[in-house]
Amino acid sequence: MVITIKDVAKAANVTPSTVSRVIADNPRISNKTKKKVRQVMEELGYQPNYKARNLASRTTQTIGLVMPNSTDKVFQNPFFPEVIRGISKMAHLKEYAIQFSTGEMEEEIYDGVVRMVQSGRVDGVILLYSRIDDKVMAFLEEKNFPYTMIGKPSYDVEKISHVDNDNFSAAKEVTDYLLKLGHKRIAFVGGNHSLMVTMDRQRGYETALKEAGISICQDYIVHEDFLIEGGKQAISELLSRKETPTALVVVDDLMAFGIINTLEKMGLRVPDDISIVSFNNLLLSEISQPPLTTVDINIFDLGYHAMKSLIEKINNPDEPAKRIIVPYRMTERSSCKKIR
């Protein structure tokens, strides 16, 4: 005997439409009702026909993920597999599939998102970045298409759903930490300067220096890719300065690994010759030589909450924009020392 929604509704003493909303995890249905209906579904052995439901509701149960650049570069950085792990966890709980955008250049990525949205292949989109003057974001806004982002929007912060850390405060805190160790010549190694995460962390770094009465030296601010190669290029540039820095604030652990590797080849040691504080607290940061002092930004949670927020927006289009700030914590290890 095939169990139907009507059978579940009768056994749970609710309407069939309520059962459908429970299956869709509609936020307007109370947790008490959801628990009762799901228990009945389990007892009766009812399995929702998602294909039929999706056809009826014109949904796909699929979310699109948009990368900041080509997948070749993206997956070199462990940040992205970890944030996608958080997204996937929530997607599994809510029975959503994931579709990745592809493309080598920004224009190709934009075209891919346009096709993804206009063909109706996804119900919503998560941007795994936030940058200034982003065509993808402008397109999604124009189409009023459900989306959220990891990172702070460059405009309408209160109106656009996003998940982020307090990157300004985190960068200020680690710069203050280096200042307390006696460092005055502190450099900043950032990613692409159009990315909001780079801008916010640079502002935190500059604010800490200003409050300490130290002038901002533009020669000590460099921007490269969030890759090992980017770190190598950054430190080569900084060591060419007439007066080299004694400490670095690096916005990404992977870049920091590139810096440490380059310094070692040059016969310089961390932290004896130069101190380093970084961000992300990747697994490798604990076993690098030396172990890296870094900011744990809870990458998994960024992805998990981004997916949760987007699904809520899809199920309830009138849901107000959510600004979720995931806490961070600086983890002290052995890559910094007091300067004489």
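**Reading salt bridges in a predicted model**

Q: What does K135 count as at 42% relative accessibility?

A: Partly exposed. The bands run like this: under 20% is buried and over 50% is exposed, so anything in between is partly exposed. Keep in mind that this is a predicted model.

Q: Which residue does K135 form a salt bridge with?

A: The general idea goes like this: side chains of opposite charge can pair when their charged atoms come close. Here K135 pairs with E107, and their closest N and O atoms are 3.0 Å apart. The pair ties together distant parts of the chain, with K135 in helix α8 and E107 in helix α7, 28 residues apart. E107 also has 42% relative accessibility, so E107 counts as partly exposed.

Q: Where do R203 and D200 lie?

A: Both sit in helix α10 (residues 196-211), three residues apart, which is about one turn of the helix. Now check accessibility on each side: R203 is at 40%, so R203 counts as partly exposed. D200, at 5%, is buried.

Q: Which residues are linked with E312 in a network of salt bridges?

A: K308, E319 and K322 join E312 in that network. Take one of its pairs: E312 and K322 have their closest N and O atoms 2.1 Å apart. E312 is in helix α14 (residues 299-315), while K322 is in the loop between α14 and β11, ten residues apart. K322 has a relative accessible area of 25%, so K322 is partly exposed.

Q: How many salt bridges does the structure hold?

A: There are 15 salt bridges.

Notes: Residues are numbered from 1 along each chain as its sequence is written. This is a predicted model: local features need pLDDT of at least 70, side-chain atom pairs count only at pLDDT 80 or more; totals for chains, interfaces and linings use all residues. Side-chain values use heavy atoms; hydrogens and water are left out. A salt bridge is a side-chain nitrogen of Lys or Arg within 4 Å of a carboxyl oxygen of Asp or Glu. Helices (H or I, at least four residues) and strands (E, at least two) are DSSP runs, numbered from the N terminus. Buried means under 20% relative accessible area, exposed over 50%, partly exposed in between (1.4 Å probe, protein chains only).
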